[in-house]
Amino acid sequence: MSIPELDAVIDRAIADEVIAGTVVLVARDGEVVHERAAGFADLAEQRPMRVDHLLRYASLTKPITALTTMALVERGTLDLTSPVTRWLPDFRPRLADGTEPAITVDHLLTHTAGLTYGFGGATGEYAALGISDGMDLTDLTLAEEVERIGRSTLLFPPGAAWAYSVAYDVLGGLAEAATGSAFPDVVAELVTGPLGMSRAGFAVTPTPDLATAYQDGRPPTPIRDGVPVPTPDGGPGLLLSPSRIFHADQFPSGGGGMVGDAAGFLRLLEAARTGGAGVLRPETVEGMLEPRVKRPVAPGVSGAFGRGWAVITPRETTPLTPGSVQWGGVYGNAWAIDRERRVSVVQLTNTSLAGMAGPFPDAVLEAALAG
């Protein structure tokens, strides 16, 4: 099962030391037409990457959280339009003028609540409050993380704009408050369990099955706990702690805290592409796939965001057809569903940020859709 043009893209990236290792799966009409592992799960040990290797999902966790949230909406445990304070009475971020607007579940799902991420550098308040981005080592519980976010200042009135944010960590806390169960248990019961994603979770014991995390370099260099990973825009860097996944006492970050394999994530994408696979009703999935809000793509170019992922619009520069969905993960991952072509693509690497955005994932997507 191989697409020759895609193999050439992968081979070139490994030979040029753009990434350490990768697993790439492509399904067309539900049939896997490309399955390839290449490069190394660990460079120092020269341990080859396998198709079944575990990798840190990072923001690939977000679609899982979105499906979990919508499953709770279907059951009547949550609803999209009520204020979040219905379930989290103390979650009351304010605007700069001191007013307290209502934030809904849908605002959180679409990143329109007015929240942000600390690594974006938009505000120093998150660091002052001790808010975690969900990928560093911390002594916070999920309830404490949500409580701190609830004391932050909103960037804009809910619904007025789009900003990538810690909203999905709030969704995890919301699920716990609404169900009385731990967030990982809710995820397992409603999404990963029914989809057979048995290897996806918020913690794992140290194992050779987990790929080592690297950052960009020639060759890639290991990411060290608490040492910021440089970003292309020259910002403050990303504070990543690869060992976080080994500590079950770390709060379960709905925005970026999971680990899993490529096959499991492909099952999730195919479930979304085909209408829910019994996890959600088709009309619920369709509502998640619709564009809900404009989001910035490049100067002068705007795209769209749905409930859990970016929705491709005609103005975006991409080989994906309009109406497709995609996103990625900062540890070096990218994925897409081209709904018109009925193709799902999962590309996981262990190299941040080269595996998430830039020439390699762009070339993978182009070859996968053309093959």
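In the predicted model, strand β2, which spans residues 31-42, pairs with β3 in the antiparallel sense over 2 bridges. Within this pairing, D42 lies opposite R47 of β3. Both strands belong to an open sheet of 9 strands with antiparallel pairing, ordered β3-β2-β1-β13-β12-β11-β10-β9-β8. The edges of the sheet are formed by β3 (47-48) and β8 (293-298); each has a single partner strand, so one side of each is left without a neighbour in the sheet. Strands of a sheet pair through backbone hydrogen bonds, in either a parallel or an antiparallel arrangement.

The edge strand β8 also contributes to the largest pocket, as at least two residues of the lining come from each of β8, β11 (325-329), β12 (333-338), β13 (343-349) and α10 (359-370). The largest pocket holds about 1500 Å³ of space. Its lining comprises 46 residues, of which R295, V297, W327, M356 and A357 are the closest to the centre. By class, the lining of the largest pocket consists of 25 nonpolar, 15 polar and 6 charged residues.

In the lining of the second largest pocket, 9 residues are nonpolar, 5 are polar and 2 are charged.

Technical notes
Residues are numbered from 1 along each chain as its sequence is written. This is a predicted model: local features need pLDDT of at least 70, side-chain atom pairs count only at pLDDT 80 or more; totals for chains, interfaces and linings use all residues. Side-chain values use heavy atoms; hydrogens and water are left out. Two strands pair if DSSP finds at least two bridges between them. Helices (H or I, at least four residues) and strands (E, at least two) are DSSP runs, numbered from the N terminus. On a 1 Å grid over the protein atoms alone, a cavity is a set of points where a 1.4 Å probe fits but cannot get out, and a pocket is an open set with protein on both sides within 12 Å along at least five of seven lines; lining residues have an atom within 4 Å of a point. Grid points are joined across faces, edges and corners, and a volume is the space filled by probe spheres set on the points. Ala, Val, Leu, Ile, Met, Phe, Trp, Tyr, Cys and Pro count as nonpolar, Asp, Glu, Lys and Arg as charged, and the others, Gly among them, as polar.
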